[in-house]
Amino acid sequence: MCEAAGDDGGCGADTAPARRRRAPGHSHPRPCVKCGQSSAALVIRLGDAFCRGCFREYFVHKFRAMLGKNRVIFPGEKVLLALSGGAASSAMLRQVQEGLSRETAKRLRFVPGLIYVDEGAVRRQSPAQREQSLALMETLLQATGFPYHLAHLEQALELPASILRPGPGDSGEPGPSYKEAVEDFIQQQRQEGDRDGGTSLPGLGTQVGDPAAPRLPAAARTQELLRLFEAVETSTAREELLQMLRTHLILQTARTRGYAKVMTGESCTRVAIKLLTNLALGRGAFLAVDTGFMDNRHGDVMVVRPMREYMAKEIAFYNHFFDVPTVIAPPLPTKRREKPSIHRLMERFLLGLQEDFPSTISTVYRTGEKLSPAPAKASSESQRCLLCLCALDIAGEEELALEPTLITEELEPAGDGCCQGALAVGAESRAAFIPLLCYSCRLTFKELGPLATLPPYVRAEAQRRIRRAEMTQQSQEVPLEDEEPGKS
């Protein structure tokens, strides 16, 4: 029988977990692990204490190493930086600015451009608040000296249907290697050295903004956009819709302005959250494309994520130490008594684990790194998803339980007792969209509301694909006549 007192660790001992002991107040500051001379200003991970100078070198080197390791951005290429005003994209912009400065030993060799998408309408900002945010962002963009483009989410309603088709990708002929492209670029700079000393890049001499236009779009367009988002049934589908419209708008700007690459500022923390979120949304087949360093599903424009190895903590310290300006946008509003989206739930889950287990985010990220970077490829247009442009991952549609539910919804009687679904045939039928979508987009499409509220370019492209599929099927069913002309 145990009679030990609490001090002896017996039954009377305190069973609460032991807490970490704080360092005594008179302890000396930790030295920097890199230089060993200056005192550490921050601790990134356990044992990684840096002073400000060494932390800046570490941060800059990681960005340059990510671009140098992958070698997908060739010298002289036009690259569009997608900025949201948040911490990660602002830090990415600062890295590009410093990499292109004349004081840098090994300069970046691409030609940058900037784009900011105003989402204030769906984030329930008043016109005055939107004006203020736009003026602040435009001031930051003008200060960089790079060409910049201001876009509004309402403009996504005017996109052409061709945005849902992959552009002309690589031809069958192999292009020049990265080393050959660098040598050609250096030789070209030397030839132009007599005029500018070889210190400038093409396209950076002047600042180019969009032509003078009304600061905010027309009120009718804003109301149309709000009706689209109000018709969405769940906050998860609303997040997916916002991401789709934003991506298509940036892609259209890149195509019309001649940009070959698009840079996004997704951090390691954001990539880990997105990885688990997409798993929950049924996008497991496309994780390598959605979270990898490069995404070339669009053919002519490649999306790259150079900030994906930075933790949110590192980015926050960098912006704080070196005065990187940011503009924080409010989150998407939720309806009354509406459950939070899967995106928010997964973010809270991972960040909560990260507080107690500091390796959570990095473990999820490293696991995603092991995924195959070459997903299933679509050999034809009919094998690509209408919304996300990934290869369709549905093998047997008759086995999917989602399609019968959509057909049932089409046949529900209206108020006058007539079956509207019976009249909705062909391209305007809700069920006709199902074969055009991957599994995840089918789940999202079910919650997007009536077809009439969908963006016009989505409906136009869907109708085109449906008509083409019907024509193909009819041509296959027509019997061949006059195969033997001698017989009547």
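# Helix packing, cores and selected residues

Helices α11 and α12 are oblique to each other. That label follows from the angle, because under 35 degrees counts as roughly parallel, over 145 as roughly antiparallel, 65 to 115 as roughly perpendicular and the rest as oblique. This is a predicted model, in which local features need pLDDT of at least 70 and side-chain atom pairs count only at pLDDT 80 or more, while totals for chains, interfaces and linings use all residues. Residues are numbered from 1 along each chain as its sequence is written, and side-chain values use heavy atoms, with hydrogens and water left out.

## Two helix pairs

α11 and α12 (residues 360–369) pack at about 120°, and their axes are 8 Å apart. Axes are lines fitted to C-alpha atoms, for helices over the stretch in contact, with angles from 0 to 180 degrees between N-to-C directions. On the α11 side, Leu350, Leu353 and Gln354 make the contact; on the α12 side, Thr360, Ile361 and Val364 do. Contact means heavy atoms within 4.5 Å. By type, the residues of this contact are four nonpolar, two polar and no charged. Here Ala, Val, Leu, Ile, Met, Phe, Trp, Tyr, Cys and Pro count as nonpolar, Asp, Glu, Lys and Arg as charged, and the others, Gly among them, as polar.

Ser359 sits in the loop between α11 and α12. Its C-alpha is 9.0 Å from that of Arg45, although the two residues are 314 apart in sequence.

α11 also packs against α7, at an angle of about 95° with the axes 7 Å apart. That makes α7 roughly perpendicular to α11. Thr236, Glu239 and Glu240 of α7 meet Ile342, His343 and Arg344 of α11. The residues of the α7 contact with α11 are one nonpolar, two polar and three charged.

## Overall make-up

The protein has 16 helices and eight strands. Helices (H or I, at least four residues) and strands (E, at least two) are DSSP runs, numbered from the N terminus. Of its 488 residues, 43% are buried. Buried means under 20% relative accessible area, exposed over 50% and partly exposed in between (1.4 Å probe, protein chains only). Among contacts with a separation of 6 or more, 73% join residues 24 or more positions apart.

## The nonpolar cores

Which residues touch the most other members of the largest nonpolar core? They are Leu225, Phe229, Leu245 and Leu386, in a core of 51 residues. Two or more residues each come from β3, β4 (111–118), α6 (219–230), α7 (235–257), α15 (439–445) and α16 (456–477). α7 gives the most, with nine residues. A nonpolar core is a set of buried Ala, Val, Leu, Ile, Met, Phe, Trp, Tyr and Cys residues joined through side-chain atoms within 4.5 Å.

Setting aside residues up to four places away in sequence, Leu245 touches Leu153, Ala156, Leu225, Leu228, Phe229, Pro455 and Tyr457. A second, separate core holds 43 residues, including Cys51, Ala91, Leu93 and Leu100.

## Individual residues

Arg283 lies in the loop between α8 (268–280) and α9 (287–291). Is Arg283 buried or exposed? Arg283 counts as buried, at 5% relative accessibility. A polar contact of 2.9 Å links its side chain to that of Asp290. A polar contact is a pair of N or O atoms within 3.5 Å; within protein, one must be able to donate a hydrogen and the other to accept it, and residues adjacent in sequence count only if both atoms are side-chain atoms. Not counting residues up to four places away in sequence, Arg283 touches Asn278, Asp290, Arg297, Cys388, Cys390, Cys438, Ser440 and Cys441.

Phe317 is in helix α10. Leaving out residues up to four places away in sequence, Phe317 touches Leu42 and Phe55.

Two non-glycine residues have a positive phi. Arg71 has a phi near 55° and is found in the loop between α1 (52–70) and β3 (78–83). Asp323 has a phi of about 55° and belongs to the loop between α10 (312–321) and α11 (342–356).

| Residue | Relative accessible area | Class |
|---|---|---|
| Arg71 | 47% | partly exposed |
| Asp323 | 62% | exposed |
| Arg283 | 5% | buried |
| Phe317 | 26% | partly exposed |
| Ser359 | 47% | partly exposed |
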